[in-house]
Amino acid sequence: MNDTPIRVGIIGVHPDQGWASTAHLPALKALPQYQVQAVSHHDASIAKAVAEKFAVPLHFESSRALVEHPEVDLVVVSVKVPRHRALIMQALNAGKALFSEWPLGVDLAEAQMLHEVATSKGLASSIGLQTRSAPVFAYARDLIASGYVGEVLSATMIGSGIIWGESMSEGYAYTLDPLNGAAMVNVPFAHSIDGLLHVLDARFETVSGLLSNARRTVRLTETGVERPLSVADQIQVVGRLNNGANVTVHFRGGLSRGTNFHVEINGTQGDLVITSPVGYVGIGGTRLMGARLDEALHDVEIPDDYDRYGEVGMPAQSIAIGYARLASDLREGTRLSPTFADAVELHRLITAIEHSEGAQQRL
């Protein structure tokens, strides 16, 4: 096995805010398999500030300079979705392995194109579907595989979008344009349904969805300006999986004063319940409960083997676990982390739900 650290270049990082600095950098710094070698930002002063704060050797104001640098092995794209295509193509044309944040593209066609290019060039690709790595989801998957619930009969999920409610920060206003591919259905819903399907080790055979609006406007917190809520704040999905189980999902915009995240998996021999006080399991506070046969529902402790890298805190922990899996894939040829092919499959599901209008779609 090659023990030389994988040298990482991150596109789209700020020293004080954003997903790259709060999740990617702490995760990568905790893993000896990686060396964060370079960062880039279109503002040279910001790139320099990031490099100084996180002790990164190289910094660039040009993404092209980063992807073409010989000391970068793996390129991480952590920018808004509309910029993914151009930046990923730069890295692929430079012959570099890729890690892209989810969504891969603004739509299914863009995701398919990027997957096809990566495949044609024989380059490793990974997509940021980190819910699969969350300790509670990873352990639940193995419990189900070991027969904890028996045959899975059904799964129910309730979730909250956190934003797309009464108000949102101006930094998220770009998500109100459906052409940007970053609405509630594309991001928190997609992450959550992907995590659930991974737990169940299944995919939808048929699905129907209804996307609608309970709210008509959303207030920008910085200015008080009311903007049209032009993307769905209510998502209802019903489907049947290829293992015969039935799935029902309801996602709501904003946060609830009651249940913000709840997954219940019912089987012939037992049940599992996953809850979180917020609408996304990667932020923290997640609880796993279960019961078999005549047991009452009780807390299920997650073994330490699943709950690794807790010292980096949330939301970086799930990212760190995902990066550890990717390192194994790159070094040892395992297939532990989700790829651009998985991204295309999830894009296809989201597209079917968006176009369903309540009619059953076969996948």
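**Pockets, cavity and their surroundings**

Tutor: The largest pocket has a volume of about 1,300 Å³. Its lining consists of 39 residues, and those closest to the centre are Gly18, Trp19, Lys80, Tyr172 and Tyr174. The model is a predicted one, and local features are described only where pLDDT is at least 70, while totals for linings use all residues.

Two helices, H1 (19-29) and H7, each supply at least two residues of the lining of the largest pocket. H1 gives the most, with three residues. By class, the lining of this pocket has 18 nonpolar, 17 polar and four charged residues.

The second largest pocket has a volume of about 1,100 Å³. It is lined by 40 residues, with Arg132, Ser337, Pro338, Thr339 and Asp342 closest to its centre. The elements that give two or more residues to this lining are H5 (108-120), H6, H7, H8 and H9 (340-356). H9 gives the most, with seven residues. The class division here is 18 nonpolar, nine polar and 13 charged.

H7 is named for both pockets, and its packing against H6 is worth a look. H6 (residues 135-145) and H7 (residues 188-200) pack at an angle of about 30°, with their axes 7 Å apart. Angles under 35 degrees count as roughly parallel, so H6 is roughly parallel to H7. On the H6 side the contact is made by Phe137, Ala140, Arg141 and Ile144; on the H7 side it is made by Ser192, Gly195, Leu196, His198, Val199 and Leu200. By class, this contact has six nonpolar, three polar and one charged residues.

The chain beyond H7 can be followed next. Asp201 lies in the loop between H7 and E9, and it has a positive phi of about 50° although it is not a glycine. Strand E9 (residues 204-212) is joined by eight bridges to E12 (residues 234-241), and the two run antiparallel. Within this pairing, Phe204 has Leu241 in E12 as its bridge partner. E9 is also joined by two bridges to E18 (residues 361-362), again antiparallel. There, the bridge partner of Val207 is Gln361 in E18.

Rolling a probe the size of a water molecule over the atoms shows where empty space is left. A search of the whole structure finds two cavities of 30 Å³ or more. The largest cavity has a volume of about 100 Å³. It is lined by 13 residues, and Phe99, Ile127, Gly128, Gln130 and Gly322 lie nearest its centre. E6 and H8 (316-332) each supply at least two residues of this lining. The largest share, four residues, comes from H8. By class, the lining has six nonpolar, seven polar and no charged residues.

E6 belongs to an open sheet of six strands in the order E3-E2-E1-E4-E5-E6, with parallel pairing. E3 (58-60) and E6 (125-128) are the edge strands, each pairing on one side only. Neighbouring strands of this sheet are turned by 20° against each other on average, direction ignored. Further into that order, four bridges join E1 (residues 6-11) to E4 (residues 74-77), which run parallel. Gly9 stands opposite Val75 in E4. Helix H4 (residues 84-93) lies across E1, E4 and E5 (97-101), running at about 165° to E5.

Pro103 is found in the loop between E5 and H5, and the bond from Trp102 to Pro103 is cis, with omega near -5°. Pro315 lies in the loop between E17 (298-299) and H8, and a cis bond joins Met314 to Pro315, with omega about 5°.

Technical notes
Residues are numbered from 1 along each chain as its sequence is written. This is a predicted model: local features need pLDDT of at least 70, side-chain atom pairs count only at pLDDT 80 or more; totals for chains, interfaces and linings use all residues. Side-chain values use heavy atoms; hydrogens and water are left out. Axes are lines fitted to C-alpha atoms, for helices over the stretch in contact, and angles run from 0 to 180 degrees between N-to-C directions. Angles under 35 degrees count as roughly parallel, over 145 as roughly antiparallel, 65 to 115 as roughly perpendicular and the rest as oblique. Contact means heavy atoms within 4.5 Å. Ala, Val, Leu, Ile, Met, Phe, Trp, Tyr, Cys and Pro count as nonpolar, Asp, Glu, Lys and Arg as charged, and the others, Gly among them, as polar. Two strands pair if DSSP finds at least two bridges between them. On a 1 Å grid over the protein atoms alone, a cavity is a set of points where a 1.4 Å probe fits but cannot get out, and a pocket is an open set with protein on both sides within 12 Å along at least five of seven lines; lining residues have an atom within 4 Å of a point. Grid points are joined across faces, edges and corners, and a volume is the space filled by probe spheres set on the points.
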